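Subject: Structure for you to look at

Hello,

Here is the structure we talked about. Please open it first, then read the notes below it.

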Amino acid sequence: MNIKQRLISAAQRRGTAFPRMLAFLVAIIVMTMVVTFFVMTLLINIFERKQEARNPFYRVVELDDTTEDPALWGKNFPQQYDAYLRTVDQIRTKYGGNEAVQRTPTNVDPRSVLARSRLESDPRLRKIWAGYAFAVDFREERGHAYMLDDQTYTERQRVVKQPGTCMHCHASVYVPYKKLGNGDLIKGFEKMNRMPYFEARKLVTHPVACIDCHDPKNMQLRITRPGFLEGIRVYRESQGIRNYDVNTMATRQEMRSFVCGQCHVEYYFKGQEKRLTYPWFKGLQADQILAYYDETGFKDWAHSETGAPMLKVQHPEFETWKQGIHSRAGVACADCHMPYKRVGALKISDHHVSSPLLPGNITNACQTCHRVPESELKARAEAIQDRVFEMRNVAMDALVEFIGEIKAARIAGATDNQLMVPGKLQRKAQFLLDFVESENSMGFHAPQESERLLFLSLNYTRQGQKAIRALGLALPAPTFGAMPAMLSSMEKR
Ligand code: HEC
Ligand code: HEC
Ligand code: HEC
Ligand code: HEC
Ligand code: HEC
């Protein structure tokens, strides 16, 4: 082919190629447009979802640091508010939840439904708390909606003059404390502690409310309870960390437990000013707490049958959880008791705070981490609880027997001085047992730690019984094994 022919044929080829090229280009442009459109749509969608998840509310009302009424917060956050209202539900599980008991309202106590009495379920409790208000009225705890009424109307208010300190964990106290302290939270707290209960009661309106856990500006979690602000500081100090400020130094995941630790803890009222104090100066473990009480010489009451200087433990969920594998693995109270649930594009926290073992809860509460069937998870949790319950019963039978022996020794003429050592051992044995008894998960939060405490308790009882025998008094023959009446109370739970 010569040059000329080649040029002609190239021109011919270009002639037919050009329209084809054009079609190809147009196709590419169209395709690019389509792909771009879909990518953009997807990105916008993801972005919107993220925005929704981050800022899942429409400001219907302006909230500020004095907005106490949860119904107002509920206008901005209807999902969380609806669930919060559902804490009135009363359903029981094998060891938790709670059972509703109907009653006829009276002028003194207008409640028509109560939670079941724990004293009736287990009469041994009356024995170990003899002479203390808890032997008069002690019930299963129920949902947050009831906290203020249950505290106001418990029989324990009638047998003892309680201080305003009680309010700290049973009402929305943030705004009332600040008012009382002229803007100073701690001053208000100190003032209310010193008031008689029923005077303080007039200053509060709601059970725990949104403002107690959330900053109204940005909805971030925050600690509002002076007891915890101070308690966590002394605990950190026991670990060598100085000037710990929980609201600026805690991680978000820690806060998901700390907000609950504001109330679900062991506490006592310190001194004449009845200052609410969390006894964490040596650490959070039961024996460290007991060592602190022993050192300060604090007692809640003198046992009416033995005269021993006793301590009453109250709901140490936070301290117990801290000893367990879940806490160690970074699992927070909120992960199990306020798990995320999906509502459309939103992932929200279930504000119906309750037992994770209730029907329907295990999926959100446990299966996010444990890929095993619901029935198997429930069985695993109950296997832990069954074992702890059995050990608790054995330790309690032994303690009740020991109390009977101290009493018999007293009747047989033992002096106060002779009963000092057995009394101290009763105090220790009972404190460690009560730590497990009054903790509300029946060992689930920290199985091995709970078992260790029951084991130590049993050992103190054994030493106490030996100390009684060493007095050489003529005492009735000891009984062996669990008492039949006690065994039947085991069956009832
Ligand atoms: C790994 C999951 C998990 C974590 C984390 C956890 N809990 Fe629990 N909690 C449970 C289970 C399971 C029970 C037993 C419920 C039952 O027996 O119905 C329970 C029981 C309770 C109860 C008694 C509930 C009832 O219905 O009687 C309270 C109160 C409680 N936990 C508070 C807390 C607090 C406070 C924290 C954090 C300091 C915490 N829990 C951490 C799983 C958890
Ligand atoms: C540090 C926080 C805190 C303080 C202070 C506190 N409570 Fe409670 N209270 C709780 C928690 C948490 C529960 C639920 C767990 C339980 O019942 O074991 C509860 C449960 C109760 C209940 C229902 C169960 C029962 O025991 O019958 C009553 C009644 C009650 N408290 C009365 C009082 C009285 C009276 C005072 C003052 C002497 C008081 N509380 C002080 C945290 C507290
Ligand atoms: C202001 C104190 C306070 C705070 C904060 C608090 N609780 Fe409670 N909680 C109580 C009291 C008091 C009760 C018992 C109310 C009653 O029996 O009337 C209770 C009851 C419960 C129950 C038993 C519910 C039932 O239906 O049996 C669970 C579970 C529980 N709380 C878990 C939590 C978790 C998890 C947190 C943190 C997200 C938390 N609580 C924060 C004081 C508090
Ligand atoms: C006992 C403490 C407590 C109380 C009371 C409480 N919340 Fe929460 N709330 C939480 C926790 C824990 C989270 C999870 C926060 C996180 O993971 O950072 C949360 C999260 C939220 C969020 C963020 C979105 C979500 O669901 O995770 C909103 C909104 C919210 N709460 C609204 C409310 C409202 C409204 C009220 C009152 C009706 C309320 N809360 C009462 C503990 C509480
Ligand atoms: C955020 C994750 C997470 C959640 C939610 C969670 N767990 Fe766990 N669970 C763990 C981890 C981590 C361990 C430690 C063992 C391991 O590393 O596999 C564990 C251990 C256990 C164990 C063994 C305990 C022991 O002492 O050996 C049981 C039983 C258990 N979980 C039950 C539950 C139940 C029931 C729930 C719901 C109420 C639950 N878990 C919720 C992460 C979780």
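From which domains does the shell around ligand 5 draw at least three residues each? They are domain 2 (70-371) and domain 3 (377-492). Keep in mind that this is a predicted model.

The shell around ligand 5 has 16 residues, and those that come nearest are Ala-329, Pro-356, Cys-366, Cys-369 and Arg-380. By type, the shell around ligand 5 holds eleven nonpolar, three polar and two charged residues. Helices α17 (325-328), α18 (333-337) and α20 each supply at least two residues of this shell. The most come from α20, which gives three.

Ligand 1 is surrounded by 26 residues, the closest being Thr-93, Gly-96, Cys-333, Cys-336 and Ser-355. Its shell divides into twelve nonpolar, twelve polar and two charged residues. The largest share of the shell around ligand 1 is the four residues from α18. Domain 2 and domain 3 both give residues to this shell, so it lies between them.

Now the nonpolar core. The largest one has 95 residues, and the members that touch the most others are Ala-395, Leu-399, Leu-432 and Leu-433. Helix α20 (residues 374-411) provides the largest share of this core, 13 residues. This core also lies between domain 2 and domain 3, because both give residues to it. Leaving out residues up to four places away in sequence, Ala-395 touches Leu-433, Leu-454, Ser-457 and Leu-458.

Regards

Conventions:
Residues are numbered from 1 along each chain as its sequence is written. Chains are lettered from A and ligands numbered from 1 in the order in which they are written. This is a predicted model: local features need pLDDT of at least 70, side-chain atom pairs count only at pLDDT 80 or more; totals for chains, interfaces and linings use all residues. A nonpolar core is a set of buried Ala, Val, Leu, Ile, Met, Phe, Trp, Tyr and Cys residues joined through C-beta atoms within 7 Å. A residue is buried if 20 or more other C-beta atoms lie within 10 Å of its own, exposed if 12 or fewer, and partly exposed in between; C-beta atoms are placed from the backbone. Domain bounds come from an automatic or database domain assignment. Two residues are in contact if their C-beta atoms, placed from the backbone, lie within 7 Å. A residue is near a molecule or strand if its C-beta atom, placed from the backbone, lies within 6 Å of it. Ala, Val, Leu, Ile, Met, Phe, Trp, Tyr, Cys and Pro count as nonpolar, Asp, Glu, Lys and Arg as charged, and the others, Gly among them, as polar.
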